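Me: I would like to learn how to read a protein structure feature by feature. Could you take me through one, giving the general idea before each case?

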Amino acid sequence: AEYMGRTVDISINNISTIPKNLPFILSKLIFLNASRNPLISVEMLSGDYSTSLPLNTGILDFSYGNLTVVPGFASATKLIVRNNPIKKLSWEFKGLTSIDGTLLSQLNNLEDMSVAQNMIENIPDQFYQLTKLTTLSLERNSIPVLSSSVKELKALRIFNMRSNLLTQLPEDIGHLKNLTSLTLTFNLYLKTLPDTIGSLPLLETLDLNGIPITSLPESLWGLRKLLYLVLDYCPLESLPISFAALENLLHLRLQGTAMTFIPVQIYTLSKLEVLDLSFNNMSAFPSTKETFTNLRHLFIHNTSLPVPDWFCQQKQPKCITVSSISTPCPPCTPNRGKCLVFQNRFSFIGPAMLYTTCCYEGKSCESSYVIGPVNGL
């Protein structure tokens, strides 16, 4: 090793572990050559050590190894990992303002990528060449646009773009035919959705929480496999009659919309299990002989909605969350359950609040607020 020359060469040494003092040495280096070693992991360097390295650490060469996870040296000037069977990259909270396109071009087999909670503004072209990606989180960055090349990510199943600066979603999003979960929460400049969003045949979870859209594309109601739909705090004044086509919907959240009435077609969602109408100016449920047959949790806190008669007539276990911690449980017969008070951990506006949740038939419903099989909201 030429430590005084600020280079260290430990290549071709059959090394499977990294020396514990390497983080200190790296802070002094221009170049580390650890290539052609059977390194399986350098995760010991992916936490506190890596984030404390200076921004110009230098060139770190881990090529021709057995790494399955990209090392956490986000602060390195250049990271070389070519010819490794890498499947995962997780660089969260790294203070990144960009992603190294040269690095991405070395990750042809990448399947799981998260660069959440950084300050990334632009996505390099090489990103769209990661055609084996199945899980992608760009959550909490400053990305204003996605290229039409997003259509190349054909294997993508889970896509999280929460809390970015998107102004539009490319039409080519409709080419992601394997997508099962799409999260666009709190993109506060995204005012419209493309019609092609209805061309995602496997989509099960769609989270549009906090997006300033006033209407939804008609094609959305063609998502026949949709199970979880979140429209909280979207300024929607109504839902079209055709939304009743979402025949497999299990969870529907309409918290804090601009709606003043509940469309009668909502009762046609026969598989619906959780319905959230909280923080709305609604005052009555539509008068009809139809009722929900599978609803197990109804949220009506901070509304003028009464407890509907059909709710108490249902025989299956059920819960209702009413206005505040001081609101008594409405009488239901039979009532073999108990009054359960829990904190509304999912409050996005102001401090968390306490509400009364009344559970009948002895079933706890605290977990009902978790939407979707992937990400709880």
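Me: In which sense do β14 and β15 pair, and over how many bridges?

Reply: Strands here are DSSP runs of E with at least two residues, helices are runs of H or I with at least four residues, and both are numbered from the N terminus. Two strands pair if DSSP finds at least two bridges between them. In this predicted model, where residues are numbered from 1 along each chain as its sequence is written, β14 and β15 pair in the parallel sense over 3 bridges. Local features need pLDDT of at least 70 and side-chain atom pairs count only at pLDDT 80 or more, while totals for chains, interfaces and linings use all residues, and side-chain values use heavy atoms, with hydrogens and water left out.

Me: Which way do the side chains of strand β15 point, and are they buried or exposed?

Reply: In a regular strand the side chains alternate between the two faces of the sheet. Strand β15 covers residues 318-321, with Lys 318 and Ile 320 pointing one way and Cys 319 and Thr 321 the other way, and all of them are buried. Buried means under 20% relative accessible area, exposed means over 50%, and partly exposed lies in between, using a 1.4 Å probe and protein chains only.

Me: How many helices and strands does the protein have, and what share of its residues counts as buried?

Reply: The protein has 4 helices and 17 strands, and of its 377 residues 50% count as buried. Accessible areas come from the Shrake-Rupley method with a 1.4 Å probe, and for residues only the protein chains shown count as cover. The protein exposes about 17000 Å², of which carbon and sulfur atoms supply 52%.

Me: Which residues touch the most other members of the largest nonpolar core?

Reply: In soluble globular proteins, nonpolar side chains tend to be buried together. A nonpolar core is a set of buried Ala, Val, Leu, Ile, Met, Phe, Trp, Tyr and Cys residues joined through side-chain atoms within 4.5 Å. The largest one here has 93 residues, and Phe 62, Met 113, Phe 127 and Phe 159 touch the most other members. Helices α3 and α4 (309-313) each supply at least two residues of this core, and α4 gives the most to it, with 3 residues.

Me: Where is Leu 226 found, and which residues does Leu 226 touch?

Reply: Leu 226 is found in the loop between β10 and β11 (228-230), and Leu 226 counts as buried because its relative accessible area is 0%. A contact means heavy atoms within 4.5 Å. Not counting residues up to four places away in sequence, Leu 226 touches Leu 203, Glu 204, Thr 205, Leu 206, Leu 246, Asn 248 and Leu 249. The C-alpha atoms of Leu 226 and Glu 204 are separated by 4.0 Å, although these residues are 22 residues apart along the chain. For the protein as a whole, residues 24 or more positions apart account for 37% of the contacts with a separation of 6 or more.

Me: Which residues form a nonpolar patch on the surface?

Reply: Patches are made of residues with over 30% relative accessible area and no salt bridge, where like charges are joined within 9 Å and nonpolar side chains (Val, Leu, Ile, Met, Phe, Trp, Tyr) within 5 Å. Leu 165, Leu 188 and Tyr 189 form such a nonpolar patch, with about 310 Å² of accessible area together. Leu 188 has its place in the loop between β9 (181-183) and β10 (205-207), and Leu 188 counts as exposed because its relative accessible area is 51%.

Me: How many salt bridges are there, and which parts of the chain does the pair of Lys 87 and Glu 111 link?

Reply: Side chains of opposite charge can pair when their charged atoms come close. A salt bridge is a side-chain nitrogen of Lys or Arg within 4 Å of a carboxyl oxygen of Asp or Glu, and by this rule the count comes to 5. Lys 87 and Glu 111 meet in one, at 3.6 Å from N to O. This pair links distant parts of the chain, 24 residues apart, with Lys 87 in the loop between β4 (78-80) and β5 (88-90) and Glu 111 in the loop between α3 (101-104) and β6 (112-114).
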